[in-house]
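Please read it alongside the structure shown here.

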Amino acid sequence: MSSSVPVGALVGWMLVLTVKHLIADFVLQTSWMAMGKDQKTGWALPLLAHCLVHLAVAMVLILIIAPRFWFVAVVDFLIHITVDRAKGYVAANFGVTPEAGHPWFWTLIGVDQALHHLTGFGLSIFMAANG
């Protein structure tokens, strides 16, 4: 990987992956996915469905723009499922829910979103540097 990254390509990939994240995490995520993935039991199917939406949206966008980076959608999927499972585990096992009035609920959401955006940033650097 090059030590220099074209700024235009970096910004472009960041925009693409941010739009992907907004679509997959907010527009296409159902209540069943959002609430189900954070349960103590029965979390696997809603989590998998949610992360497969991320995979599908990322794959479509990447295949349109730069098909040689198709594997980046798979990497994004694997990181997303890991981050969301960790958040779900903490929420379910430590009662970090809005219903419980836990003071760390919004912090947990913020950390989750920050990790997803850092993932997008890292993947954008990779694609911009190797484009």
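1. Basis. This is a predicted model, in which local features need pLDDT of at least 70, side-chain atom pairs count only at pLDDT 80 or more, and totals for chains, interfaces and linings use all residues. Residues are numbered from 1 along each chain as its sequence is written, and side-chain values use heavy atoms, with hydrogens and water left out.

2. Helix pair. Helix 3 (residues 44-65) packs on helix 4 (residues 70-94) at an angle of about 155°, the axes being 9 Å apart. The two are therefore roughly antiparallel (angles over 145 degrees). Axes are lines fitted to C-alpha atoms, for helices over the stretch in contact, and angles run from 0 to 180 degrees between N-to-C directions. Helices are DSSP runs (H or I) of at least four residues, numbered from the N terminus.

3. Their contact. Residues of helix 3 including Leu-55, Met-59 and Ile-62 meet a set in helix 4, among them Phe-77 and Ile-81 (contact: heavy atoms within 4.5 Å).

4. Cores. The largest nonpolar core has 13 residues, and Trp-13, Ile-62, Phe-69, Val-72 and Met-127 have the most contacts inside it. Such a core is a set of buried Ala, Val, Leu, Ile, Met, Phe, Trp, Tyr and Cys residues joined through side-chain atoms within 4.5 Å. Helix 1 gives the most to this core, with 4 residues. A second, separate core of 5 residues includes Ala-24 and Val-53.

5. Thr-119. This residue of helix 5 (residues 105-129) is buried, at a relative accessible area of 13% (buried: under 20%, 1.4 Å probe, protein chains only). Beyond its neighbours within four places in sequence, Thr-119 contacts Asp-76 and Ile-79.

Note on methods: Angles under 35 degrees count as roughly parallel, over 145 as roughly antiparallel, 65 to 115 as roughly perpendicular and the rest as oblique. Buried means under 20% relative accessible area, exposed over 50%, partly exposed in between (1.4 Å probe, protein chains only).
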